[in-house]
Amino acid sequence: MLRWSQNSTPISRAFDDIYYARSAGLAESRYVFLKHNGIPDRWDHTPYFHIAELGFGAGLNFFATLDLWRQRRNKKARLHFSSFEKFPLKPNEIRKALSAWPELEEVSRSFLLEYEDLPRGVHRLELEDQNTILDLWIGDALESLTQFQTPVDAWYFDGFSPKKNPDLWTKEIFQEASRVAKLDSTFATYAAASFVRQHLEAADYCVEKAPGFGRKRDMLTGRLAKKKITLAPLSYPHRNILGGGIAGLSLASRFFARNEKARLNEVNEDFFRGGSGNPLALVMPNLSSSESALSLFSLQSTLYTLRQYQRWQRAGHECGWHSSGILQLLNDSKKEERFLLGLAAHRIPPSLAQLVSRDEASDIAGIKIHSPAIFWRKSGYVEPHTLKEILLKNSGPSFTTSKDKAEETPSVICTAEAALGLSSLKDWPWKFQRGQISFWQTPDSLRKLRVPIVYGGYALPEHKQRMIAGSTYNSPELGSGLIDADHAKITDQAEAALHLRLTPEISGGRASNRLGLRDALPVVGPCEAQLLNIGYGSKGFSHALLAGELLASECLGIGVPLQTKVREALLARRFAIQNQAVLSS
Ligand SMILES: Cc1cc2nc3c(=O)[nH]c(=O)nc-3n(C[C@H](O)[C@H](O)[C@H](O)COP(=O)(O)OP(=O)(O)OC[C@H]3O[C@@H](n4cnc5c(N)ncnc54)[C@H](O)[C@@H]3O)c2cc1C
Ligand SMILES: C[S@@+](CC[C@H](N)C(=O)[O-])C[C@H]1O[C@@H](n2cnc3c(N)ncnc32)[C@H](O)[C@@H]1O
């Protein structure tokens with residue numbers, strides 16, 4: 001998609017246009033986008049400033065903005081930058097492009113550590129050292145904009161030239177940009193075509209011509225003069241978290257990342273005694289064959305979680321993360337078709353996941369594998385009790401253990417199955433199941449296993465002189481004691497999937513309950529006077545961190561890192577809507 005001119009200017013092959021001029025790109029970015037949006041002066045008295053951009057490209061505008069932000073006076077303020085990009089550049093391309101500006105090296109460092117090939121969707125990158133959030137919306141800008149709800153203070157319109165890249169300069173694009181823009185918010189663009197001006201005016205912008213940069217005659221800038229419907233950002237007062245499992249601790253850590261205090265209450269003497277207390281947990285997404293709300297949420301939250309683990313590891317903090325990759329066996333042709341459709345629908349890059357043959361799978365696994373598989377390269381498994389320690393450390397000092405029920409308002413209820421006692425939740429489509437895992441003395445035939453294998457059940461590589469395999473799904477009425485028939489079921493399933501006679505020696509196990517919902521999504525958001533954060537089913541370790549970020553963002557009035565349709569799919573009111581649909585059908 002990209003070629004480089006002789007002086008190393010990046011040029012798009014698809015659009016036959018330059019991303020920016022190598023010689024004066026930074027000066028142009030500062031002149032067009034920053035100066036004509038009143039930046040940095042408008043930052044002076046604002047605790048939170050949201051910039052949105054069409055066309056992330058090599059991120060030059062973003063880093064030019066961040067460079068000024070770093071020098072700002074108000075160190076407590078937050079910068080939120082949302083950028084829309086259909087053809088994301090590869091990390092090495094961005095690195096090469098930015099090498100032209102050594103002065104941006106420092107501000108781009110933490111981004112370059114986080115940035116990787118991304119699938120379609122919304123990806124929140126945290127540049128905590130700069131108090132900055134970068135949301136990258138990967139996909140067609142118009143499609144993404146219709147799913148975007150965060151009020152914007154300043155727009156950068158930076159598509160390729162309107163003649164070569166007309167999709168980014170349509171009437172619909174500017175209507176959508178105006179829909180999310182705040183009254184009196186500003187925009188700037190290097191373009192000056194009269195049709196662009198007309199579309200902007202039709203979208204209620206008051207447009208002015210300004211002298212263009214360098215040899216360009218004109219550019220456009222202006223402010224939103226009218227607003228029919230104002231998007232009100234949410235802001236909840238809830239800072240009392242009930243439940244110290246992965247859901248509660250993840251949320252507390254996201255408040256703390258923003259220097260906001262929250263109180264964490266756990267009825268047990270210790271945290272992670274409930275569902276979250278297994279010795280190891282897989283971290284991988286739930287992928288459907290099309291871009292469903294579940295699939296998008298799952299992929300986005302798994303990637304968000306992995307970025308956080310890597311950030312901790314880079315900082316030298318032990319978080320119990322094993323970045324081994326995961327092999328998900330495609331042991332029937334329907335599964336293979338579904339996953340292939342899913343990989344294509346989400347444009348999942350091969351660096352993240354790809355189909356591998358059984359020989360390739362065997363090489364990866366270290367044991368013979370008898371079916372093709374999806375290799376989730378970046379996935380792996382985490383030690384929850386080590387993760388718990390770092391989450392506690394990153395959740396601030398205020399923990400209490402209390403026998404309080406949910407009466408203390410306003411609270412965020414992260415109590416998993418204990419929430420089933422609340423009468424308003426009674427008729428929801430719950431999936432409440434007991435699950436057991438087995439601890440095995442590692443069978444000889446699995447000693448060389450290097451990565452977790454998922455086949456309906458799962459087997460993890462040897463860890464601390466034993467293996468863990470799972471898991472069963474049955475009634476919570478069976479209780480938390482270990483059941484021999486469950487151990488046998490786990491062994492049978494592993495033997496069938498791996499074509500091995502294992503007869504493992506069982507050294508123990510653990511049983512707990514999973515509270516999920518039929519659509520496999522958690523409930524995250526308001527319900528009467530409380531906020532709910534429950535229903536993670538078998539995906540708490542992949543889904544709870546982004547859900548925590550979502551809730552903390554909403555409590556603090558920060559834009560959320562999700563498409564509108566995905567956000568809505570997590571709300572409690574989806575059940576009322578589903579019930580109405582059933583009643584009227
Ligand atoms: C066998 C099995 C294997 C699994 N494997 C995986 C896996 O590999 N990967 C994965 O992602 N997920 C896995 N899961 C699912 C995962 O464990 C759950 O999704 C996750 O633990 C749910 O976390 P939670 O914080 O919602 O609930 P919990 O961990 O149960 O936490 C709820 C907490 O709330 C506390 N509480 C209750 N009432 C109150 C109150 N009134 N006030 C204060 N505190 C209260 C409880 O004591 C508890 O500590 C597995 C589950 C099972 C059963
Ligand atoms: C001029 S470049 C942006 C330069 C960038 N702002 C920077 O500072 O490096 C234009 C960008 O728009 C992207 N683009 C083009 N059409 C798009 C569309 N329909 N939706 C989203 N992005 C698009 C291109 O891939 C390209 O990265």
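This is a predicted model: local features need pLDDT of at least 70, side-chain atom pairs count only at pLDDT 80 or more; totals for chains, interfaces and linings use all residues.
Colleague: Why are E14 and strand E15 (321-322) called edge strands?

Modeller: The sheet is an open one of three strands in the order E14-E19-E15, with antiparallel pairing. Within this sheet, E14 and E15 each pair on one side only, and these are the edge strands.

Colleague: How do you know that strand E7 (residues 132-138) is largely enclosed by the rest of the structure?

Modeller: A residue is buried if 20 or more other C-beta atoms, placed from the backbone, lie within 10 Å of its own, exposed if 12 or fewer do, and partly exposed in between. Seven of the seven residues of E7 are buried, so the strand is largely enclosed. Thr-132, Leu-134, Leu-136 and Ile-138 point one way from E7, and Ile-133, Asp-135 and Trp-137 point the other way, all of them buried. In a regular strand the side chains alternate between the two faces of the sheet.

Colleague: Which strands pair with E7, and in what sense?

Modeller: Strand E5 (residues 78-85) pairs with E7 in the parallel sense over seven bridges, with His-80 standing opposite Ile-133, whereas strand E6 (residues 121-127) pairs with E7 in the antiparallel sense, also over seven bridges, with Arg-124 opposite Asp-135. The hairpin of E6 and E7 has four residues between the strands, and Asn-131 takes a positive phi near 55° there.

Colleague: What makes strand E28 (residues 530-534) largely enclosed?

Modeller: Five of the five residues of E28 are buried, so the rest of the structure largely encloses the strand. Gln-530, Leu-532 and Ile-534 point one way, and Leu-531 and Asn-533 the other way. Strand E27 (residues 523-527) runs antiparallel to E28 and is joined to it by five bridges, while strand E21 (residues 411-413) pairs with E28 in the parallel sense over two bridges. Leu-531 is the bridge partner of Val-412 and also stands opposite Pro-526.

Colleague: How many residues of helix H2 (residues 60-70) are buried, and why is the helix called largely enclosed?

Modeller: Nine of its eleven residues are buried, so H2 is largely enclosed by the rest of the structure; among them are Phe-62, Phe-63 and Trp-69.

Colleague: What surrounds ligand 2, and which residues are the closest?

Modeller: A residue is near a molecule if its C-beta atom, placed from the backbone, lies within 6 Å of it. There are 21 residues around ligand 2, the closest being Gly-55, Gly-57, Leu-60, Lys-86 and Ala-141, and H2 and E5 each supply at least two residues of this shell.

Colleague: How many residues of each class are in the shell around ligand 1?

Modeller: The shell has 14 nonpolar, 20 polar and six charged residues, where Ala, Val, Leu, Ile, Met, Phe, Trp, Tyr, Cys and Pro count as nonpolar, Asp, Glu, Lys and Arg as charged, and the others, Gly among them, as polar. Of the 40 residues around ligand 1, Gly-243, Gly-245, Gly-274, Gly-435 and Gly-540 come nearest, and by the stated classes these glycines count as polar.

Colleague: Which domains give at least three residues each to the shell around ligand 1?

Modeller: They are domain 2 (234-322 + 379-425 + 518-585) and domain 4 (430-516), with bounds that come from an automatic or database domain assignment.

Notes. Residues are numbered from 1 along each chain as its sequence is written. Chains are lettered from A and ligands numbered from 1 in the order in which they are written. Two strands pair if DSSP finds at least two bridges between them.
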